Each structure stands twice: as structure tokens, then as C-alpha cells.
Amino acid sequence: MILNLFRKNTATEPVYAVYSAIVAQSRQPHFYAEWQVPDTVTGRFDMISLHMALLFRRLRAEASTDKDFSQAVFDLFFKDMDRSLREMGVGDLGVPKRIQKMGNVFFGLLAALSDAMDRHDLVALQSVLSRNIYDEAEGSHVEAMAAYLLRQDAAVSRQSADAITKGTIEFESPQ
């Protein structure tokens with residue numbers, strides 16, 4: 001914990017701008033009201049994770065992209081999660097355990113999501129969402145979320161990696 005005080009802050013203005021855009025998109029009421037994402041701490045974490053995955057998928061496709069940018073966005077994400085847990089009253093001893101669990105959940109979701117999306121397998125993508133976001137539920141809301149993610153993945157992939165690392169990422173409306 002004390003070593004964090006001496007760690008270099010990697011969050012630059014573009015990192016904050018991209019992370020803020022991800023959080024803003026993840027808070028769209030449509031996800032919760034129409035597509036039945038649970039409006040809970042976990043549901044909101046899941047939505048941020050899905051949009052973070054879209055960012056990381058885009059940046060990994062660009063060989064020239066600065067890996068430090070991806071790492072800085074990731075670090076800011078988990079710093080924000082740490083802050084949120086503390087605000088909710090999780091004690092100093094419990095925060096690292098929860099952050100580690102959240103990291104494992106995130107990396108599992110990222111891997112499963114990327115695999116399904118790389119194969120353009122809509123059924124597999126719906127299965128990933130059902131397992132990870134919807135507590136095994138199926139239905140038109142899961143199908144809508146899968147279609148949304150494929151549209152967003154295509155939209156984000158058309159955006160310049162240079163523009164993203166300079167702080168601009170744009171998402172389409174979920175509606």
C-alpha cells in the first residue's frame with residue numbers, strides 16, 4: 001500500500017478522457033431499463049468491463065499503439081474500482097482481495113468475449129453475456145446486447161488508434 005505513494009501516476013489527460021467516455025457509455029439507462037443489466041455495483045462493473053474490452057480489442061489490433069496507454073487506462077479503471085469499494089465501506093484488508101477477484105473476472109470476460117468476437121460467433125457471444133452479465137438468463141435482451149457489442153466493436157475498430165490515444169473514443173447509442 002505504501003509503495004503506491006511512490007508509483008508514477010500514468011493517468012494523463014487522454015487516459016482520463018477515454019476512461020470517462022467508457023464510464024459515460026456504460027451508464028446509459030438503456031442498458032439497465034431495456035436490456036435488463038442489473039443496476040447494481042456488479043452490473044455497472046460489468047458494463048464498464050464490456051466497454052473496456054472494446055477499447056483493448058481495438059488497441060491490440062494496432063501494432064504501433066503504445067502499450068503504455070492501454071496499461072494506463074487499465075490502471076485507472078482499477079484505481080477507480082478501489083476508490084468505489086472504499087467509499088462503500090470495504091475495509092483496507094478486504095479491498096485487495098476484491099480487486100484481485102474483479103481483475104480475474106475482467107480478464108476472464110475479456111478472453112471469452114474476444115474469442116467469440118474474433119470468430120464472429122453470435123451464439124457464443126450471447127452465451128458469454130448470459131454467463132457473465134445476466135446470471136444465465138437468455139432472451140431478446142441478451143441478443144440485443146450481443147448485437148450492440150458487435151456494432152460497437154465495428155465502430156470502435158474504424159476509429160484511429162492515434163485519435164484514441166490522444167483522448168477521443170466515440171460510442172454509438174445503444175438504442
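The following dialogue examines a predicted model of one protein chain.

Student: How many helices and strands does the protein chain have?

Tutor: There are eight helices and zero strands. Along the sequence, the pattern reads α-α-α-α-α-α-α-α.

Student: How do you know that the span of helix α3 agrees with its number of residues?

Tutor: Helix α3 covers residues 41-60, which is 20 residues. At 1.5 Å a residue it should span 28 Å, and its end C-alpha atoms are 28 Å apart, so the two values agree.

Student: What makes α3 a mostly covered helix?

Tutor: A residue counts as buried when its relative accessible area is under 20%. In α3, 16 of the 20 residues are buried. For the protein chain, buried residues make up 45% of the 175 residues.

Student: Which residues have the most contacts inside the largest nonpolar core?

Tutor: They are Leu129, Met145 and Leu149, in a core of 54 residues. Helices α1, α2, α3, α4, α5, α6, α7 and α8 each supply at least two residues of this core. Helix α3 gives the most, with ten residues.

Student: What does Leu129 touch, leaving aside residues up to four places away in sequence?

Tutor: Leu129 touches Leu50, Tyr134, Val142, Met145, Ala146 and Leu149. Leu129 is also one of the buried residues of α6, which include Leu125 and Val128.

Student: Why is the pair Arg57 and Asp118 called a salt bridge?

Tutor: The rule asks for a side-chain nitrogen of Lys or Arg within 4 Å of a carboxyl oxygen of Asp or Glu. The N to O distance between the side chains of Arg57 and Asp118 is 2.8 Å, so the pair meets the rule. Arg57 lies in helix α3 and Asp118 in helix α5, so the pair ties together parts that are 61 residues apart in sequence.

Student: Which other residue forms a salt bridge with Asp118?

Tutor: Asp118 forms a salt bridge with Arg60, the closest N and O atoms being 2.7 Å apart. This pair links Asp118 in helix α5 with Arg60 in helix α3, 58 residues apart. Arg60 has a relative accessible area of 46%, so it is partly exposed.

Student: What makes Asp121 a cap of helix α6?

Tutor: A side-chain oxygen of Asp121 lies 3.2 Å from the backbone nitrogen of Val123, at the N-terminal end of α6. Salt bridges that share partners join Arg57, Arg60, Asp118 and Asp153 into one network. By the salt-bridge rule, the count comes to eight.

Student: Why is Pro96 called partly exposed?

Tutor: Pro96, in helix α5, has a relative accessibility of 46%. Pro96 and Asp82 are 14 residues apart in sequence and 8.1 Å apart in space, C-alpha to C-alpha.

Conventions:
Residues numbered from 1 in each chain as written. Predicted model: local features only at pLDDT ≥ 70, side-chain atom pairs only at ≥ 80, totals over all residues. Heavy atoms only, no water. Helix = DSSP H or I, 4+ residues; strand = E, 2+ residues; numbered from the N terminus. Expected span 1.5 Å × (residues − 1). Buried < 20%, exposed > 50% of the residue type's maximum accessible area, 1.4 Å probe, protein only. Core = buried A, V, L, I, M, F, W, Y, C linked by side-chain atoms within 4.5 Å. Contact = heavy atoms within 4.5 Å. Polar contact = N/O pair within 3.5 Å; in protein donor to acceptor, adjacent residues only side chain to side chain.
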